[in-house]
Structures are given as C-alpha cells and as structure tokens.
Amino acid sequence: MQKLLLSIDKISTWIGQVFSWLIVALTLMISWEVFSRYALDDPHPWAFDVMSMMYGSLFMMAGAYTLSKNGHVRGDVLYGFFPPRLQAWLDLALYILFFIPGVFALAWAGYGFAAESWAINEHSNITANGPPVYPFKTILPIAGAFLFAQGLVEIVRCIVCIQQGEWPKRGDDVDEVDVEKLKEMVNVKDEDIAKLDALLTAGKGTK
C-alpha cells in the first residue's frame, strides 16, 4: 500500500516539476514583451492572453503536487497541537465533505468547458485574432483528475494514520530548510555558533 501511495506521489511530483518550468518561460516572455513594448515600440496583442494561460496552467497543474507535499494552506493554530489520529479524523471529514465533491465538480465541469471549446474552435476575444483557448481549457479536467487522484491518496493516508496512530511517510522533494534539523545533521550546537560569533566579532575588533 505504501509503495502505491508513494508511486502516485511521484507522479504528482513529476507533473508539478514539469509544469514548474512555465515560470522560466513566463519570466522570459514577460521580459521580452516589456522590451518589445518600451524599447522597440512593438507590443504583441496576444501576449497578455498567452501569459494568463501559462500562469493558469501552472497554478492548476501544481495543485496535485502541492497536495502530495501537504503544502496547501490550513488553519494550523490549533491543528498542529492535535495528536495525529485527531488530525487524520479532521482531514478525512474535510476530504469527504468538501474536497471530493468540489474537485469532482471541477473535473466534470472542466470536461464540459473543454469539449465545448474544442467544438467551436474557441479563441480569445480580448484582442483581435486572439490565441486559441481550447488547449488551456483542456487543462481544467486534467488538473481536476490528477488532484482527485491525489485526494484519494490523502484519504488512504488518513485511514492509515487512524489505524496506526502516526502519519505514513511521504516522498522526498525540495523542502523548506529546517534550521534545527540542519543543526542536528551537521552536529552543531547553539553554543558552538555563539562561540564562532564571538570569535568573528573579536577578530573584526582587532583590525
């Protein structure tokens, strides 16, 4: 079971990492458009639409990745003090009552929007000769499906935690640096840091 959970985590992680490159593309595109507009006096009317679709695609496809890393925003003021089993019960209730219906509705409605957009060969009407919109709307059901699958994985994790009393392991990825854990890894104590600071301060004072 744990291998299956981690396998779906890896898929969500891979998708998030692939779409994260849109940040680089979006940065380059914005920079070029600013240069074209102000330096060359040659703005592109389709640029705003394409930038919006790129950012929207990144935002939607990162949903499953963020959920796999337990990175979505929650009210941690009290939640963090609860024992794992109580956390799991709360998460399970919220997933069943809100997450699953909401994400299922997103995927279902997104499929309808995408199908209609492809059927009419929809293009953006913000500018004349706007870019096609149907590839972007296709992202809606795809993102919803991946998010739904990751949500099912999180529900299984909640059930495992309720049974075992602790959260099952998640896949490793780039995480925010935990200073205290870093100190433990390199066997550094606060006293050592204080001594080093004092030594450096004394060295600067003698110059």
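This is a predicted model: local features need pLDDT of at least 70, side-chain atom pairs count only at pLDDT 80 or more; totals for chains, interfaces and linings use all residues.
1. Start with Q150. Helix α6 spans residues 134–164 and holds this residue. Q150 has a relative accessible area of 0%, so it is buried.

2. Look at the polar partner of Q150. Its side chain makes a polar contact with the side chain of S12, at 2.7 Å. S12 is also on the contact list of Q150, once neighbours within four places in sequence are set aside.

3. Now the helix pair. Helix α3 covers residues 47–68. The axes of α3 and α6 come within 8 Å and cross at roughly 10 degrees. The cut-off for roughly parallel is under 35 degrees, so α3 counts as roughly parallel to α6. From α3, the contact uses M53, G56, S57, M60, M61, G63, A64, L67 and S68. From α6, the residues are F136, I139, L140, I142, A143, F146, L147, Q150, G151 and E154. By class, 12 are nonpolar, 6 polar and 1 charged.

4. Turn to Q87. This residue sits in helix α5, residues 84–119. Is Q87 buried or exposed? Its relative accessibility is 11%, and buried means under 20%, so Q87 counts as buried. Leaving out residues up to four places away in sequence, Q87 touches Y79, G80, F82 and W167.

Key. Residues are numbered from 1 along each chain as its sequence is written. Side-chain values use heavy atoms; hydrogens and water are left out. Helices (H or I, at least four residues) and strands (E, at least two) are DSSP runs, numbered from the N terminus. Buried means under 20% relative accessible area, exposed over 50%, partly exposed in between (1.4 Å probe, protein chains only). A polar contact is a pair of N or O atoms within 3.5 Å; within protein, one must be able to donate a hydrogen and the other to accept it, and residues adjacent in sequence count only if both atoms are side-chain atoms. Contact means heavy atoms within 4.5 Å. Axes are lines fitted to C-alpha atoms, for helices over the stretch in contact, and angles run from 0 to 180 degrees between N-to-C directions. Angles under 35 degrees count as roughly parallel, over 145 as roughly antiparallel, 65 to 115 as roughly perpendicular and the rest as oblique. Ala, Val, Leu, Ile, Met, Phe, Trp, Tyr, Cys and Pro count as nonpolar, Asp, Glu, Lys and Arg as charged, and the others, Gly among them, as polar.
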